[in-house]
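Reader: I have a new structure to look at. Can you put it up and take some questions?

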Amino acid sequence: RFADPLSSGKISMASEQALPSPERGRTPKFKRSKISRPQLLVLTQHFESDPLPSFEKRQALAQQLDMTPRSVCVWFQNQRQRLLKLQRQAEGAEASQRRSQERQARLVEQKAAKEAEQAAQPVPSLARTSRAARPAAPNRALLPPPPAPPRPCPPTPGLVRTAGEAGATCRAQAGEAGAT
């Protein structure tokens with residue numbers, strides 16, 4: 001990635017990032033600095049005693065650890081957020097466990113109620129029951145009578161039986177003969 005500045009005249013990628021971008025009009029972002037282990041130990045010790053240090057304490061820490069005041073401030077902010085996140089996760093796990101226990105208790109109660117309900121109902125036997133124990137048949141006296149079937153034609157001379165929609169009907173032969 002790094003080109004030889006003498007041969008090609010190109011600037012390396014690292015130095016390109018350090019140049020301000022004219023289209024944005026802002027100063028370049030600086031490279032992230034990693035906190036060393038001794039610096040981290042001192043910061044964590046101070047965080048345990050005071051998670052929200054004053055401006056003067058942060059300035060003194062930055063000078064002592066050879067860091068910028070802004071990086072010390074950001075480190076403390078990040079640590080507080082991590083602590084909050086862990087607390088929320090712990091509360092969420094406790095709440096989830098509590099909900100699970102409540103759900104399990106409800107299921108046990110429902111199962112016990114169902115078993116008690118089934119125990120209260122009589123167990124049907126496979127043997128024939130007496131007539132008195134059987135459910136009563138519907139009272140036929142309260143039902144309306146079925147419709148009467150159509151009456152057949154009486155055997156009278158001069159009538160012819162024909163099939164109609166409502167059953168057999170009778171017509172007089174004499175009346176038809178007289179109409180034609």
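Reader: Which side chains meet in a salt bridge here?
Author: Those of Asp 50 and Lys 57, at 3.7 Å from N to O. A salt bridge here is a side-chain nitrogen of Lys or Arg within 4 Å of a carboxyl oxygen of Asp or Glu. The structure holds one. This is a predicted model, where local features need pLDDT of at least 70, side-chain atom pairs count only at pLDDT 80 or more, and totals for chains, interfaces and linings use all residues. Residues are numbered from 1 along each chain as its sequence is written, and side-chain values use heavy atoms, with hydrogens and water left out.

Reader: Is Asp 50 buried, partly exposed or exposed?
Author: Partly exposed, at 22% relative accessibility. Lys 57 is also partly exposed, at 48%. Buried means under 20% relative accessible area, exposed over 50%, and partly exposed in between (1.4 Å probe, protein chains only).

Reader: New topic. What makes up the largest nonpolar core?
Author: It has 10 residues, among them Leu 43, Trp 75 and Phe 76. Helix 2 (37-49), helix 3 (55-65) and helix 4 (69-120) each give two or more residues to this core. Such a core is a set of buried Ala, Val, Leu, Ile, Met, Phe, Trp, Tyr and Cys residues joined through side-chain atoms within 4.5 Å.

Reader: And how much of the chain is buried?
Author: 11% of its 180 residues.

Reader: What order do the elements come in?
Author: From the N terminus, α-α-α-α-β-β-α. Helices (H or I, at least four residues) and strands (E, at least two) are DSSP runs, numbered from the N terminus.
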